[in-house]
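Me: I'd like to go through the helix packing in this one with you. Can we take it a question at a time?

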Amino acid sequence: MTSDELTPDGRARVLADGGALPLLGLGVWQVPDGPECVNAVRWALDAGYRHIDTAQAYGNEASVGKALRDSGIDRGEVFITTKFFPRGNDPVGAMQQSLRRLGVDQVDLYLVHWPQGGPTRAWSGMERAAERGYARSIGVSNFSAAELESVTAVAERIPSVNQVSYSPVDFRQGLLEACRKHGIALEAYSPLGTGRLLRDTTVAEIAAAAGRTPAHVLLRWVVQRGIPAISKSVHRNRIEENLRIFDFTLSDEDMARLDALDRTGHTAEAQERPWW
Ligand SMILES: NC(=O)c1ccc[n+]([C@@H]2O[C@H](COP(=O)([O-])OP(=O)(O)OC[C@H]3O[C@@H](n4cnc5c(N)ncnc54)[C@H](OP(=O)(O)O)[C@@H]3O)[C@@H](O)[C@H]2O)c1
């Protein structure tokens with residue numbers, strides 16, 4: 001259904017609903033609300049990031065909104081994602097509060113954070129949030145292939161995105177294929193393995209040979225497939241470093257060495273150990 005199409009500048013993934021999801025975003029999971037979050041987002045925007053990923057569960061939407069306003073960058077230039085906290089029952093009401101905290105009229109992407117209570121439970125509320133114009137695009141996160149089947153079977157509007165943990169060790173080829181079949185863009189979270197993969201010896205060897213950093217290699221492995229990635233840092237130098245992945249290419253041989261780190265066995269699952 002989908003062709004993994006990129007925008008003409010090669011920097012964003014075209015979504016089935018016509019939206020454009022930038023290939024690299026800054027994530028703010030585990031960043032406390034307040035100056036640390038405001039600074040990280042502001043440094044990212046100043047460096048050239050145009051995609052910020054937050055969530056109701058992260059408790060820092062207000063800081064994301066403040067950094068966006070302080071940056072002076074046009075709202076229309078920045079892609080903002082937030083996520084419905086699925087222990088609640090009302091995606092529309094929760095979104096009204098997110099919009100107030102963010103200080104915007106609409107987010108670019110609103111995701112069901114995880115399939116709490118089953119994959120279809122929140123979806124009609126997500127569709128209502130989109131109908132009301134609160135979200136340009138809607139999608140899901142941490143959904144397996146089977147859960148995507150369930151939600152697409154009842155959806156009036158198919159999810160545009162499935163945000164899942166994705167990196168060389170979390171390759172999830174079965175899930176990637178399932179997303180493609182439904183025209184859903186897979187979006188990679190924890191592309192650095194929440195930092196752990198930066199110490200992997202294969203990654204370090206490839207980085208040293210290419211004159212790049214381990215973070216470059218891991219992020220490049222994702223975006224070279226046309227898959228959007230969200231990485232997190234609260235350090236300005238690292239935020240800037242992570243953006244420098246569009247001026248080099250990994251060889252087929254390096255890509256294959258990284259592919260071989262997969263520990264998911266071609267899985268179509270989104271999570272080895274669900275937390276919900
Ligand atoms: N949908 C979901 O359920 C879900 C789940 C997890 C994550 N996410 C999203 O994905 C984002 C990214 O995932 P993540 O937070 O797990 O982690 P990640 O981006 O895979 O890794 C972040 C870690 O790596 C460190 N780091 C970043 N860049 C570095 C560099 N260039 N050199 C050395 N260390 C570096 C960071 O440390 P410092 O901050 O100290 O620099 C942090 O400890 C999250 O923030 C969130 O927005 C979504």
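Predicted model: local features only at pLDDT ≥ 70, side-chain atom pairs only at ≥ 80, totals over all residues.

Me: Which residues of H9 make the contact with H1?
Reply: On the H1 side, the contact is made by Ala40, Trp43, Ala44 and Ala47. By class, the contact of H1 with H9 has six nonpolar, no polar and two charged residues. The H9 partners are Arg236, Ile239, Glu240 and Leu243.

Me: Alanine 44 is in contact with which residues, leaving aside neighbours within four places in sequence?
Reply: Ala44 is one of the residues that touch the most other members of the largest nonpolar core, which has 80 residues. Ala40 and Val41 are also among them. Beyond its sequence neighbours, alanine 44 is in contact with Leu26, Tyr49, Ile52 and Ile239.

Me: What do the buried residues of H2 pack against?
Reply: In helix H2 (residues 61-71), the buried residues include Val64, Ala67 and Leu68, and also Glu61 and Lys66. Those buried residues of H2 pack against H1, strand S4 (51-53), strand S5 (79-84) and helix H3 (91-102).

Me: Which residue just after H2 takes a positive phi?
Reply: The phi there is about 75 degrees. The residue is glycine 72.

Me: How many of the ten residues of H8 are buried?
Reply: Helix H8 (residues 214-223) is mostly covered. Its buried residues run from Ala215 and His216 through to Val222 and Val223, with Arg220 and Trp221 among them. They pack against several elements, including strand S3 (24-27), strand S9 (185-189) and helix H10 (252-259). The count for H8 is nine of ten.

Me: How is H7 set against H8, roughly parallel or roughly perpendicular?
Reply: The axes of H7 and H8 come within 8 Å and cross at roughly 100 degrees. Angles of 65 to 115 count as roughly perpendicular. That makes H7, relative to H8, roughly perpendicular.

Me: By class, how many nonpolar residues does the contact of H7 with H8 have?
Reply: Val203, Ala204, Ile206, Ala207 and Ala210 in H7 meet Pro214, His216, Val217 and Leu218 in H8. By class, the contact has one polar and no charged residues. The nonpolar residues number eight.

How values were computed:
Residues numbered from 1 in each chain as written. Contact = placed C-beta atoms within 7 Å. Helix = DSSP H or I, 4+ residues; strand = E, 2+ residues; numbered from the N terminus. Nonpolar A, V, L, I, M, F, W, Y, C, P; charged D, E, K, R; others polar. Core = buried A, V, L, I, M, F, W, Y, C linked by C-beta atoms within 7 Å. Buried ≥ 20, exposed ≤ 12 C-beta atoms within 10 Å, placed from the backbone. Axes fitted to C-alpha atoms, helices over the stretch in contact; angles between N-to-C directions. Parallel < 35°, antiparallel > 145°, perpendicular 65-115°, else oblique.
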